[in-house]
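Reader: Please give me a close look at one part of this model, the packing around a single segment. State the cut-off for each term when it comes up.

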Amino acid sequence: MKHTEERPDPEAAARKLVELAASVAPVQDGRIYIERINAPFLFKLKGSGSEFGAGLKHAVERGWLQMHESGTYVRLLGPGGLLTQ
């Protein structure tokens, strides 16, 4: 019987989130609504909420994603800023 949860791997989760974000067609101004990456991460990949949160935080800290202050959308970032499509 386990008494502690396994720790999420933020690096792996962040990479999956960026991969999911890259596969979604952005809307106005490169916005990717958070539910467009949240649902596949949780239900297709069977990730946990803590993994999603840790991965999102890691991706933002690394400069891979930019999260709006409202938390409703992210933008995919490249080495020079916003990625253009």
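Author: Contact means heavy atoms within 4.5 Å. The model is predicted, so local features need pLDDT of at least 70 and side-chain atom pairs count only at pLDDT 80 or more, while totals for chains, interfaces and linings use all residues. Residues are numbered from 1 along each chain as its sequence is written, and side-chain values use heavy atoms, with hydrogens and water left out.

The part examined here is helix 3, residues 49-62. Helices (H or I, at least four residues) and strands (E, at least two) are DSSP runs, numbered from the N terminus. The chain has three helices and four strands, arranged along the sequence as α-β-α-α-β-β-β.

Start with Ala59, which is found in helix 3. Ala59 is buried, at 0% relative accessibility; buried means under 20% relative accessible area, exposed over 50%, and partly exposed in between (1.4 Å probe, protein chains only). Leaving aside neighbours within four places in sequence, Ala59 is in contact with Ala14, Val18, Trp64 and Leu65. The C-alpha atoms of Ala59 and Arg15 are separated by 7.5 Å, although these residues lie 44 apart along the chain.

His58 also lies in helix 3. With 15% relative accessibility, His58 counts as buried. Beyond its neighbours within four places in sequence, His58 is in contact with Pro10, Glu11, Ala14 and Trp64. For Glu11, a polar contact of 2.7 Å joins its side chain to that of His58. A polar contact is a pair of N or O atoms within 3.5 Å; within protein, one must be able to donate a hydrogen and the other to accept it, and residues adjacent in sequence count only if both atoms are side-chain atoms.

Several of these partners belong to helix 1, among them Pro10, Glu11, Ala14 and Val18. Two packed helices are described by the angle between their axes and the distance between the axes. The axes of helix 1 and helix 3 come within 7 Å and cross at roughly 80°. Axes are lines fitted to C-alpha atoms, for helices over the stretch in contact, and angles run from 0 to 180 degrees between N-to-C directions. Helix 1 and helix 3 are therefore roughly perpendicular: angles under 35 degrees count as roughly parallel, over 145 as roughly antiparallel, 65 to 115 as roughly perpendicular and the rest as oblique. On the helix 1 side, the contact is made by Pro10, Glu11, Ala13, Ala14, Leu17 and Val18; helix 3 supplies Glu51, Phe52, Ala54, Gly55, Leu56, His58, Ala59 and Arg62. These residues divide into nine nonpolar, two polar and three charged. Ala, Val, Leu, Ile, Met, Phe, Trp, Tyr, Cys and Pro count as nonpolar, Asp, Glu, Lys and Arg as charged, and the others, Gly among them, as polar.

Helix 3 also packs on helix 2 (residues 35-44), with axes that come within 10 Å and cross at roughly 135°. That angle makes helix 2 oblique to helix 3. Their crossing is right-handed; a crossing is left-handed if the near helix is turned anticlockwise from the far one by less than a right angle, and right-handed if clockwise. From helix 2, Ile37, Asn38, Phe41 and Leu42 meet Gly49, Glu51 and Phe52 of helix 3. By class, this contact has four nonpolar, two polar and one charged residues.

The loop between helix 2 and helix 3 holds Lys46. Phi of Lys46 is near 60°, a positive value in a residue other than glycine. Most residues other than glycine have a negative phi. Lys46 is exposed, with a relative accessible area of 66%.

Helix 1 and helix 2 meet each other as well. Their axes come within 9 Å and cross at roughly 125°, so helix 1 and helix 2 are oblique to each other. The crossing is right-handed. Ala13, Lys16, Leu17, Leu20 and Ala21 of helix 1 make this contact with Ile37, Pro40 and Phe41 of helix 2. By class there are seven nonpolar, no polar and one charged residues.

For the chain as a whole, buried residues make up 27% of the 85 residues. Among contacts between residues at least 6 apart in sequence, 52% join residues at least 24 apart.
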